[in-house]
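Here is a short report on charges and strands. Please look over the sequence and the model first.

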Amino acid sequence: MKYDFNLEDRRKKYKSILAQIVITLIEIAIVVAAAYAITHYGLEKMSVSGDYMAPTLKDGDDVLINKISYAVSSVKRNDIIVIQQDGSEHSYYSVARVMGLPGETVKIEDGYLYIDGKQLEEKYNFPVMENGGLALEDVILDEDEYFVLCDNRNEGEDSRNANTGNILKKNIVGKAWLRINSLAVINSINEFGEDSSSGKE
């Protein structure tokens, strides 16, 4: 019996095409799953309501939240974070700048921030605080607590106020990453101008 080499070649070709189709479908499924995971679990958009973070973020600014940042790195001083207090809904997300870290003692004296008894050399020219609120006395942060302040130091509520208080790690939604409407990385925004007389923590 004569062997049909052409048939065998066609079978190999069909198997190769089928394998390529299966691989392509798997790749598409992985991309779709990754995109879904990123958009639903990794990134989220919010709109700023009010000028409590001005001039860094203004009323109506759209912010992209990086929700996986703190799964792979720690929260640092001067990070701008998105917070959701217990019982709050999505529309009540707020934004603030981290100033006090777990285990530190925070105090506000004569309008300036002190960490562990030493005046903090601020990164930017923030306004002098007119009201120290709860931090007029020593605020001792637990191992899962952060002290946050608004950039517009004399407007809005932050850790100086009883309604906000110290922020628990579990209530940090993520890092405020990108200002969408003007395409700027938020932690690189410097609307205050550098303070040449102060160093960086």
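A salt bridge is a side-chain nitrogen of Lys or Arg within 4 Å of a carboxyl oxygen of Asp or Glu. This is a predicted model, so local features need pLDDT of at least 70, side-chain atom pairs count only at pLDDT 80 or more, and totals for chains, interfaces and linings use all residues. Residues are numbered from 1 along each chain as its sequence is written, and side-chain values use heavy atoms, with hydrogens and water left out.

**Salt bridges**

The structure holds 6 salt bridges.

| Acidic residue | Basic residue | N to O distance |
| Glu44 | Lys67 | 3.0 Å |
| Glu104 | Arg77 | 2.9 Å |
| Asp158 | Arg160 | 2.8 Å |

Take Lys67 and Glu44, which form a salt bridge. This pair links distant parts of the chain, 23 residues apart. Lys67 sits in the loop between β2 (62-66) and α2 (69-72), and Glu44 in strand β1 (residues 43-47). Helices (H or I, at least four residues) and strands (E, at least two) are DSSP runs, numbered from the N terminus.

How accessible are the two partners? Buried means under 20% relative accessible area, exposed over 50%, and partly exposed in between (1.4 Å probe, protein chains only). Lys67 is partly exposed at 27%. Glu44 is buried at 16%.

Glu104 and Arg77 also meet in a salt bridge. Glu104 lies in the loop between β4 (94-100) and β5 (105-109), while Arg77 lies in the loop between α2 and β3 (80-83), so the pair ties together parts that are 27 residues apart in sequence. Glu104 is buried, with a relative accessibility of 12%. Arg77 is buried too, with a relative accessible area of 12%.

In the salt bridge of Asp158 with Arg160, both residues are buried.

Which way do the side chains of β3 point? Ile80 and Val82 point one way, Ile81 and Ile83 the other way, and all are buried.

Two strands pair if DSSP finds at least two bridges between them. β3 and β4 run antiparallel and are joined by 4 bridges. Ile81 has Ala96 as its bridge partner in β4. β3 also pairs with strand β11 (residues 172-179), antiparallel, over 3 bridges. There, Gly174 of β11 is the bridge partner of Val82.

**An open sheet**

Four strands make an open sheet in the order β7-β6-β5-β8, with antiparallel pairing. β7 (118-119) and β8 (139-140) stand at the edges, each with a single partner strand, so one side of each is left without a neighbour in the sheet. Strand β6 (residues 112-115) is joined to β7 by 2 bridges. Tyr114 has Gln119 as its bridge partner in β7.

**Charged patches**

Patches are made of residues with over 30% relative accessible area and no salt bridge; like charges are joined within 9 Å, and nonpolar side chains (Val, Leu, Ile, Met, Phe, Trp, Tyr) within 5 Å. Accessible areas come from the Shrake-Rupley method with a 1.4 Å probe.

Arg10, Arg11, Lys12 and Lys15 gather in a patch of positive charge on the surface. Arg11 belongs to helix α1 (residues 5-42). Arg11 is partly exposed at 46% relative accessibility.

A patch of negative charge on the surface gathers Asp51, Asp59, Glu130 and Glu155. Glu130 lies in the loop between β7 and β8. At 71% relative accessibility, Glu130 is exposed.

How values were computed:
Lys and Arg count as positive and Asp and Glu as negative; His and the chain ends are not counted. The place of a charge is taken as NZ of Lys, CZ of Arg, CG of Asp or CD of Glu.
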